[in-house]
Protein chains: 2
Amino acid sequence: MEALAIGIDIGGTGTKFGIVDRNGNVLFSSEISTRRHNEVESFIDDLHDNLFPIINKAGGIGRMKGIGVGAPNGNFYTGTIEYAPNLPWKGIIPLAKMIRDKFQLNVSLTNDANAAAIGEMMYGAAQGMKDFIMITLGTGVGSGIVANGQLIYGHDGFAGELGHTIIIPGGRLHKGTGKFGSLESYASATGVTLTALEFLEKTNQESTLRAIPADDLDSKKVYEAAIAGDALAKEVYDFTGKILGLALANAVMFSSPEAIILFGGLTKAGDLILKPTRENMEENLIQVFQNKVKILISHLKESDAAILGASALVWDMKN
Amino acid sequence: MEALAIGIDIGGTGTKFGIVDRNGNVLFSSEISTRRHNEVESFIDDLHDNLFPIINKAGGIGRMKGIGVGAPNGNFYTGTIEYAPNLPWKGIIPLAKMIRDKFQLNVSLTNDANAAAIGEMMYGAAQGMKDFIMITLGTGVGSGIVANGQLIYGHDGFAGELGHTIIIPGGRLHKGTGKFGSLESYASATGVTLTALEFLEKTNQESTLRAIPADDLDSKKVYEAAIAGDALAKEVYDFTGKILGLALANAVMFSSPEAIILFGGLTKAGDLILKPTRENMEENLIQVFQNKVKILISHLKESDAAILGASALVWDMKN
């Protein structure tokens with residue numbers, strides 16, 4: 001019988017998991033809360049209780065080649081999650097080992113954006129590409145960099161933190177890291193909200209966003225206002241796209257990818273954000289890189305993508 | 001008899017070449033002018049006339065495994081030099097093919113900073129490293145990025161242009177590229193001179209540099225003033241180091257190298273530039289990368305390093 005892979009994507013709020021075949025079909029999937037488990041041990045128990053029934057539905061543990069895990073601050077080399085600010089478990093968590101012990105299956109773990117990059121390479125927009133960069137634009141900004149057909153993990157397993165590169169020196173404070181002017185402080189859902197609040201405060205421009213109490217404003221509302229034609233909301237996306245475009249230009253001059261694949265909530269704004277992104281990327285590229293690099297939107301189903309990416313780690317396992 | 005490699009390093013002013021053994025000993029070497037040859041054909045003839053005598057001294061063409069060439073804007077995949085602003089030959093030059101035809105030897109070509117990175121990996125400070133970044137700080141800023149033990153060429157062969165990444169958006173104009181605020185516009189010999197001129201103009205601070213006519217000021221004079229204790233000259237290096245440090249932080253968060261190896265004229269300033277570089281790099285790194293990355297100065301002899309790096313390409317040749 002064809003071997004299957006288990007993919008687990010651990011997010012700050014919830015953890016999605018599913019059984020995936022070689023062709024990238026998610027056969028069964030489910031979800032548990034991450035946030036509810038203050039202790040990682042109870043999380044593992046809950047995962048086991050909810051994952052085992054679907055393993056059995058899919059033909060039993062004997063059909064499973066292994067488990068791939070995508071997690072914030074996940075380290076491929078050590079199988080640990082290290083100092084993840086958005087997870088309830090502090091310090092260094094030997095998650096791969098804990099899952100291996102619980103399920104008696106091989107486990108491969110990496111950070112969520114790296115897992116997404118592997119998913120895109122195997123099933124998505126990056127099929128056949130040897131050099132590309134995956135960028136996830138969600139609550140935060142993650143990235144996975146593929147060069148020479150391999151994911152770049154770096155000497156310590158933490159490469160690909162494009163979200164924390166400094167794009168505007170002395171710029172906006174990132175409360176999670178204490179650094180100023182990082183990409184994530186602007187080109188994330190949180191960043192979009194902060195930019196909207198700043199724009200509302202520093203101008204008198206009319207905007208439907210003024211009717212919303214500051215505490216209720218979020219990137220979804222900015223997005224809705226922008227597609228409804230609100231000029232200030234559109235400027236927020238224009239500004240965000242320009243900063244993203246500058247960051248992409250720097251990334252291109254670093255690793256010269258064939259394409260940059262964007263994934264996540266912010267990409268829903270479509271050309272509102274992509275047009276300024278493209279334009280400012282090209283504007284900042286030296287000639288030899290201009291008009292070469294594709295900016296693509298991931299076409300994987302958002303609900304499946306995280307599971308697919310994590311499961312894709314399994315097919316790379318040596319045994 | 002042991003096979004030997006020929007290394008050729010093409011610079012804007014001169015071209016160095018030499019015969020190198022497997023252990024990195026430069027057995028014979030010489031140099032011709034690059035600048036004097038407006039036509040690449042006459043350059044190749046001159047190269048042949050000056051290289052052949054040392055090939056014969058080293059045991060004849062039969063002992064030569066191949067030729068490695070480092071050149072600005074050199075493309076590893078195509079063997080061409082493309083639109084190199086500092087060379088006399090414009091457009092796309094099929095240099096590897098021309099040298100192959102002239103010498104009847106296999107030729108491998110890449111850009112000068114990539115060649116330097118390979119040289120460091122084989123004979124220098126990066127021996128045994130799988131993840132490092134080589135940065136050459138000379139008239140311009142070049143870089144070679146090694147990840148997973150391989151040089152990153154990118155999809156088109158042009159990866160590693162860290163010198164052109166934008167560090168200060170809207171900052172200093174780079175006259176060669178027309179872009180604003182790139183690393184090279186600050187952290188190069190040209191950049192140091194421009195910073196000194198700016199500092200002299202915008203302050204009334206005493207400085208021995210004021211005695212030098214603006215047209216005669218160069219980075220060597222700024223360096224001499226700084227080591228003699230001139231405060232303004234020291235501030236120039238401090239400023240330069242801070243910008244370099246920020247660029248290094250971004251590079252580290254991208255590919256998470258074990259070390260960054262610096263090479264070239266600017267490194268002679270020692271701690272005058274390295275201290276602010278280190279400090280500002282650490283200042284801008286998120287926690288997971290802090291106090292991990294070594295900044296090393298290349299210990300290869302400057303006169304040999306370029307030839308060594310280029311020759312090292314030969315040992316990677318498949319045939």
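How many Å separate the centres of domain 1 of chain A and domain 2 of chain A, taken over C-alpha atoms? The answer is 27 Å. Domain 1 of chain A covers 4-119 + 302-315 and domain 2 covers 128-297, with bounds that come from an automatic or database domain assignment.

A word on the model: it is predicted, and local features need pLDDT of at least 70, side-chain atom pairs count only at pLDDT 80 or more, and totals for chains, interfaces and linings use all residues. Residues are numbered from 1 along each chain as its sequence is written, while chains are lettered from A and ligands numbered from 1 in the order in which they are written.

**Contacts within and between chains**

Residues are in contact if their C-beta atoms, placed from the backbone, lie within 7 Å. Between the two domains of chain A, 13 residues from domain 1 and 13 residues from domain 2 take part. On the domain 1 side, helix H3 (residues 112-123) of chain A gives the most, with six residues. Helices (H or I, at least four residues) and strands (E, at least two) are DSSP runs, numbered from the N terminus.

Turning to the chains, 38 residues of chain A are in contact with 38 residues of chain B. On the chain A side, strand S10 (141-147) and helix H6 (231-255) are the elements that give two or more residues, and H6(A) gives the most, with six residues.

**Helix packing in chain A**

H6(A) also packs against helix H5 (residues 219-227) of chain A, at an angle of about 115 degrees and with the axes 7 Å apart. Axes are lines fitted to C-alpha atoms, for helices over the stretch in contact, and angles run from 0 to 180 degrees between N-to-C directions. H5(A) and H6(A) are therefore roughly perpendicular (65 to 115 degrees). Val222(A), Ala225(A) and Ala226(A) of H5(A) meet Ala233(A), Lys234(A), Val236(A) and Tyr237(A) of H6(A).

**A buried helix in chain B**

In chain B, helix H8 (residues 302-315) has 11 of its 14 residues buried, so it is largely enclosed by the rest of the structure. Buried means that 20 or more other C-beta atoms lie within 10 Å of the residue's own, with C-beta atoms placed from the backbone. Among the buried residues of H8(B) are Asp304(B), Ile307(B), Leu308(B), Ser311(B) and Val314(B).

Note on methods: Buried ≥ 20, exposed ≤ 12 C-beta atoms within 10 Å, placed from the backbone. Parallel < 35°, antiparallel > 145°, perpendicular 65-115°, else oblique.
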